[in-house]
Amino acid sequence: MNYTKYLRWGVLAALFVALFYVPFIIAGGNFPANIWPGLSLFFPYITGKNFAFRILVEVALLGYTLLALRDPKYRPRASWIMWAALALVAWMGLATLASVDPVKSFWSNFERMDGYINLLHLFVWFVITGAVLTAGNLWDRFINTSIGASVLMGCIALFQVMHLFGFAPSSQSGARADTTFGNATYLAVYMLFNIFLTLFMLARRSQAGRLSALWQSWYGVALVLQFVGLYFTETRGAQLGVIGGLIVGAAWVAVFASSPHLKKLRRGALISLAVLVVLVASFIGLRGTSFVKNAPALSRLASISLNDATVQSRLLYIWPTALRGIADKPVIGWGEENFNFVFNKYYRPEMYNQEQWFDRAHNQFLDFGIAGGVPALLLYAALFALGVWAIWRSRLSVLEQASLIALLSAYAFNNLFVFDNLVSFFYFFALLAFLHSISRKELPGWMFLSRPMSERGLAVAAPLVVLCVAGAGWYFNAPALARGTSLVQAVSSQSSAQVNLAFFERSVGGSAFPGNPIGVQESVEQLSQFTASTVAPSSVDPAVKQQYMTLAQDSLQKLMAERRHDARLELFMGTLLSGFGSHSEALVYLEQARADSPKKQQILMQLGLVQLQAGAPIDAIATLRTAFEAAPEYDTARVLYASAYYYVGDLTHGDQLIIDKWGTVIVDSDQLLQAYTNTKQWVRAEGIWKLRISKDQNNVQLHLGLASTYFAAGDKANTILELQTVAKLQPSSAAQMQTLITQIKNGTLKP
């Protein structure tokens with residue numbers, strides 16, 4: 001019947017739309033226009049893509065299930081890759097159940113949109129692509145669709161770096177191209193995949209005698225734009241991965257193109273291999289030249305060394321921490337999304353100038369080891385090994401084999417230094433599906449799964465399938481989409497504190513029926529930050545302040561009850577309570593945060609400051625001393641430790657700490673300026689303002705800062721002089737400055 005044709009086209013539409021459309025989605029950005037119109041979500045570069053992918057996979061699953069029930073040729077077949085992927089999914093399911101935080105392990109959060117739910121969707125994607133594209137012999141069209149999308153993405157990357165047509169890199173990536181990913185690294189691995197897929201299609205069409213001049217030109221343009229996009233991401237791991245992959249691919253051809261009729265091919269591979277080696281050696285030799293130093297991408301690539309901050313953070317801190325975490329739970333792991341517990345437990349104080357809340361090991365292999373123990377790490381590695389085995393045993397031409405081997409090599413190398421995002425993940429699972437398709441075994445005729453379902457059986461099954469898949473799709477997506485839009489409105493609405501509060505209540509509450517916890521973490525954190533930094537110090541109605549405080553405290557306590565011993569949440573709670581003057585309660589949570597992450601200076605410094613506010617100066621000095629001595633080169637820790645002495649009136653010890661580092665007590669530091677102001681050391685506070693003004697003499701705000709310090713010190717004459725200077729620098733404020741001067745002179749304005 002014709003309905004199987006419609007089901008097939010529906011499944012294919014979902015697959016092809018996911019491949020072409022998902023990488024371009026931004027849910028709420030201005031790129032220069034929102035690519036998901038009418039919907040603004042928190043973390044728009046991440047959430048939009050993930051929700052769209054999940055919905056498309058669920059649509060494909062609905063059609064595919066009915067199609068496979070009716071037509072056996074669309075049903076899954078067996079291969080070692082299929083069994084390994086299934087084993088990984090099953091093992092990670094066990095790891096999720098045994099997780100430190102099962103809720104987060106399953107659902108993840110807005111920032112990552114990963115977790116076990118994502119792995120389930122990826123496995124469904126793998127099964128459907130492997131079955132439907134193979135049955136329809138559509139892999140070439142699928143790959144060409146990807147290449148077409150990458151050409152458009154390459155154009156956007158070029159427009160970004162050239163600032164054409166309203167495009168520019170996002171604030172997250174600086175000058176590096178990041179297109180619709182909002183992250184240069186994510187764009188880089190996207191280009192990595194498509195470079196080798198383009199080489200594969202070049203080899204495939206050439207082998208089949210279908211490489212016309214038009215196709216050759218198209219693939220040539222694609223490669224140029226893909227390499228340009230990769231170059232401008234300035235992402236070293238992916239760039240080195242591509243170079244290494246090209247070397248591996250050329251070596252593969254040199255070794256396996258041994259037949260007499262492949263002599264020219266082998267010679268070409270050897271020449272390419274030599275050229276690549278010479279280029280790499282030349283780059284190493286020229287890395288110190290002005291040509292390399294003046295090209296940002298080349299300079300960044302040339303900067304790789306053991307002294308590089310990123311390299312050190314991986315080699316010396318993050319990876320050893322991950323290995324200790326794997327050693328702690330080698331069998332079942334910590335569960336997905338739980339690396340933060342390992343990082344907090346084994347935090348190294350030398351990382352004071354790095355990210356303070358790592359939630360990934362920045363090595364996909366180690367991330368699987370953390371999430372599911374050694375078995376998960378081995379199963380993930382097995383997917384690469386079995387992929388290579390499938391390629392080697394396949395009937396693909398040597399050039400086709402080489403391009404796919406090069407892709408696996410480049411991707412594996414890249415994943416030694418980064419973690420996967422949705423797009424790289426679904427490309428990898430699509431690649432596995434293709435390799436599965438060339439190595440799978442057909443089901444024997446005697447098996448039930450090789451027979452079609454009757455029309456009557458399908459009529460009974462169809463409503464159940466629709467109900468289950470549609471219900472699951474609503475449950476997986478609708479509540480989180482509602483929460484994401486509410487959270488954006490909560491943090492961006494300029495109406496009133498009461499309006500913001502209503503949106504916050506919606507985002508931390510049950511949201512849309514039936515409710516799921518995706519995004520609750522971000523909602524609670526944003527609420528507590530907004531309450532402590534914006535509401536608490538403002539002139540908002542005290543009753544509204546109390547509503548904020550109650551909602552934030554209740555929401556944090558509820559989340560902490562699910563996620564015990566999360567130092568980040570405990571720090572949030574301590575900061576929130578101290579902002580409202582509940583110092584004794586704040587100390588309870590901050591002490592617990594210190595117990596869960598004993599060496600993290602951020603926690604120690606916050607604890608020390610609250611101890612000062614709570615009237616425990618001796619404890620504060622001891623705590624801040626611990627933070628300082630853990631890494632004496634950390635300037636903020638030194639300044640806060642010195643400030644503690646100033647607050648108790650011990651200028652001798654405080655000055656010694658400052659002078660030992662800078663040789664003077666006049667240091668351009670916000671924390672030190674605050675300490676001098678709070679302890680009424682006016683001359684020193686004035687000295688810092690003057691130091692800043694000497695570097696930027698026409699900065700009105702600096703002169704106003706100095707004026708306020710003079711006024712607080714009772715120096716009316718110099719206060720008036722500074723206000724007069726402001727009036728000269730900014731004539732539009734002259735009348736306002738004159739009003740202040742008049743009030744100072746007649747005594748109506750008080751410090």
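**Cavities, a pocket and helix pairs**

Visitor: How many cavities of 30 Å³ or more does a search of the whole structure find?
Guide: The search turns up 4 cavities of that size. A cavity here is a set of points, on a 1 Å grid over the protein atoms alone, where a 1.4 Å probe fits but cannot get out; a pocket is an open set with protein on both sides within 12 Å along at least five of seven lines, and lining residues have an atom within 4 Å of a point. Keep in mind that this is a predicted model, where local features need pLDDT of at least 70 and side-chain atom pairs count only at pLDDT 80 or more, while totals for chains, interfaces and linings use all residues. Residues are numbered from 1 along each chain as its sequence is written, and side-chain values use heavy atoms, leaving out hydrogens and water.

Visitor: What volume does the largest cavity have?
Guide: The largest cavity has a volume of about 210 Å³; a volume is the space filled by probe spheres set on the points, with grid points joined across faces, edges and corners.

Visitor: And which residues lie nearest its centre?
Guide: Look for D114, E336, R360, D367 and A371, out of 18 lining residues. The largest share, 5 residues, is from α15. These element names refer to DSSP runs numbered from the N terminus: helices are H or I with at least four residues, strands E with at least two.

Visitor: What classes of residue make up the lining of the largest cavity?
Guide: There are 7 nonpolar, 4 polar and 7 charged residues. Ala, Val, Leu, Ile, Met, Phe, Trp, Tyr, Cys and Pro count as nonpolar, Asp, Glu, Lys and Arg as charged, and the others, Gly among them, as polar.

Visitor: How much space lies in the second largest cavity?
Guide: About 170 Å³. Of the 18 residues lining the second largest cavity, I46, N50, R112, N421 and L422 are the closest to its centre. Both α2 (44-70) and α17 (422-437) supply at least two residues of that lining, and α2 has the largest share with 4 residues. The classes in the lining of the second largest cavity are 9 nonpolar, 3 polar and 6 charged.

Visitor: Let's switch to pockets. Where is the centre of the second largest pocket, going by the residues nearest to it?
Guide: Find I243, L279, V280, F283 and L301, which lie nearest the centre among 16 lining residues. The second largest pocket holds about 470 Å³ of space.

Visitor: Which helix gives the largest share of the lining of the second largest pocket?
Guide: That is α10, with 7 residues. At least two residues each come from α9 (236-256), α10 (263-286), α11 (290-293) and α12 (296-302). The lining of the second largest pocket divides into 14 nonpolar, 1 polar and 1 charged residues.

Visitor: Back to α15. At what angle do α15 and α16 pack?
Guide: Helix α15 (residues 364-393) and helix α16 (residues 398-414) pack at about 165°, with axes 10 Å apart. Axes are lines fitted to C-alpha atoms, for helices over the stretch in contact, and angles run from 0 to 180 degrees between N-to-C directions. That makes α15 roughly antiparallel to α16; the word covers angles over 145 degrees, while under 35 is roughly parallel, 65 to 115 roughly perpendicular and the rest oblique.

Visitor: Is the crossing of α15 and α16 left-handed or right-handed?
Guide: Left-handed, the term used if the near helix is turned anticlockwise from the far one by less than a right angle; clockwise would be right-handed. Contact (heavy atoms within 4.5 Å) involves residues including F384 and W392 of α15 and L404 and Y411 of α16. The contact of α15 with α16 has 11 nonpolar, 2 polar and no charged residues.

Visitor: What about α29 and α30, how far apart are their axes?
Guide: Their axes are 9 Å apart, and helix α29 (residues 682-695) packs against helix α30 (residues 700-712) at about 165°. The two are therefore roughly antiparallel, with a left-handed crossing. Among the residues in contact are W682 and W689 of α29 and L706 and Y710 of α30. By class, the contact of α29 with α30 has 8 nonpolar, 3 polar and 3 charged residues.
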